[in-house]
Amino acid sequence: MVNWQDPQVIEDWSAVLINVTFIILGLFAWSYIHSCQIERALLRRQLPFRWQMVSYLTGRTFFLVTVIISAVTSIAIPPYTDCYYLLKFLVFSNNIVVACTSTNLVIRTWTVWKTNYFVCAFMALATFGHWFTLMLNSKETQISSSLPSVGLCGFVIVNPAYSAATTVYTTIFDFVLLKLAIFGHWRSSSLSLFTIIRTQDIILYLIVLLASVVPSIFSWLNFNCE
């Protein structure tokens, strides 16, 4: 098994992480530029503000800030930077992005089930629990200083129990939202399942679910255990 405490392993994977960070920054920056009509319309007061936009705008903003800070600090750490609070903010910001992503799906699903108070109450409670577990995970995350040879700000040390609970909760939550969205559209129309998946943006649910399954698997594998 790979020794994740080996300085050479840390240095090699740090270089991979830096490359991945810049790829994500480039892709998201391109996507953000081509999809910022809502922000421009709100600033110009051409679009009335609605509460459903809060999660969408918050998630986009936090993700953009996160990848920018990660890219900048991966090149060179600015002088007088408090690495502890910087990394704590990045952890908090990442969890905000995860929470907002699932909340966006809740809002979409809510419009399908808005006449069913039981389902709406369940989604509201599940969303509150999701945010609570993510914020608790941010609180329990610890920061370790980096080795001088690596040249990074530091490392994030997660609590395995909290990390596993958070990722599994997110995966199950996203899967339930996927099922609710499909069944909700199916019961209110005569469309086939394939047509519903193709025309009702169900692919977005599948992408979010896949993005939550991967960290859930790695969290349970717990490669950092001794």
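With a relative accessibility of 41%, Phe-183 counts as partly exposed, a class that lies between buried (under 20% relative accessible area) and exposed (over 50%), as found with a 1.4 Å probe on protein chains only. Trp-113, at 5% relative accessibility, counts as buried. The rings of Trp-113 and Phe-183 have centres 5.9 Å apart and planes at 20°, so this pair is stacked; rings of Phe, Tyr and Trp (its six-membered ring) are taken as a pair if their centres lie within 6.5 Å, and planes under 30 degrees apart count as stacked, over 60 as edge-to-face and the rest as tilted. Because Trp-113 belongs to helix α4 and Phe-183 to helix α6 (residues 160–187), the pair ties together parts that are 70 residues apart in sequence.

This is a predicted model, in which local features need pLDDT of at least 70 and side-chain atom pairs count only at pLDDT 80 or more, while totals for chains, interfaces and linings use all residues. Residues are numbered from 1 along each chain as its sequence is written, and side-chain values use heavy atoms, with hydrogens and water left out.

## The chain as a whole

The protein chain has eight helices and two strands, which are DSSP runs numbered from the N terminus (H or I of at least four residues for helices, E of at least two for strands). Read from the N terminus on, the order of the elements is α-α-α-α-α-β-β-α-α-α.

Of the 226 residues in the protein chain, 36% are buried. Among contacts between residues at least 6 apart in sequence, 70% join residues at least 24 apart, where contact means heavy atoms within 4.5 Å.

Helices α4 and α6 pack at an angle of about 20°, with their axes 9 Å apart; the axes are lines fitted to C-alpha atoms, for helices over the stretch in contact, and angles run from 0 to 180 degrees between N-to-C directions. That angle makes α4 roughly parallel to α6, since angles under 35 degrees count as roughly parallel, over 145 as roughly antiparallel, 65 to 115 as roughly perpendicular and the rest as oblique. On the α4 side the contact includes Val-98, Ser-102, Leu-105 and Trp-113, and on the α6 side it includes Phe-173, Leu-177 and Phe-183. The residues of this contact divide into 10 nonpolar, five polar and two charged, with Ala, Val, Leu, Ile, Met, Phe, Trp, Tyr, Cys and Pro counted as nonpolar, Asp, Glu, Lys and Arg as charged, and the others, Gly among them, as polar.

Helix α4 (residues 83–113) also packs with helix α8 (residues 202–221), here at an angle of about 150° and with the axes 11 Å apart. The two helices are therefore roughly antiparallel to each other. In this contact Thr-101, Leu-105, Arg-108 and Thr-109 of α4 meet Leu-204, Tyr-205 and Val-208 of α8, and by class these are four nonpolar, two polar and one charged residues.

## Trp-131 in helix α5

Trp-131 is placed in helix α5 (residues 117–140) and is partly exposed, with a relative accessible area of 27%. Apart from its neighbours within four places in sequence, Trp-131 is in contact with Ile-96, Ala-99, Cys-100 and Thr-103. Between Trp-131 and Ser-102, which are 29 residues apart in sequence, the C-alpha to C-alpha distance is 9.7 Å.

## Phe-28 and the aromatic pairs

The structure holds eight aromatic pairs. One of them joins Phe-28 and Phe-63 edge-to-face, at 4.7 Å centre to centre and with 80° between the planes. Since Phe-28 lies in helix α1 (residues 7–33) and Phe-63 in helix α3 (residues 53–75), this pair ties together parts that are 35 residues apart in sequence. Phe-28 is buried at a relative accessible area of 16%, whereas Phe-63 is partly exposed at 24%.

Ring pairs link Phe-28, Tyr-32 and Phe-63 into a cluster. Leaving aside neighbours within four places in sequence, Phe-28 is in contact with Arg-60, Phe-63 and Leu-64; the C-alpha atoms of Phe-28 and Leu-64 are separated by 7.5 Å, although these residues are 36 apart along the chain.

Most residues other than glycine have a negative phi.
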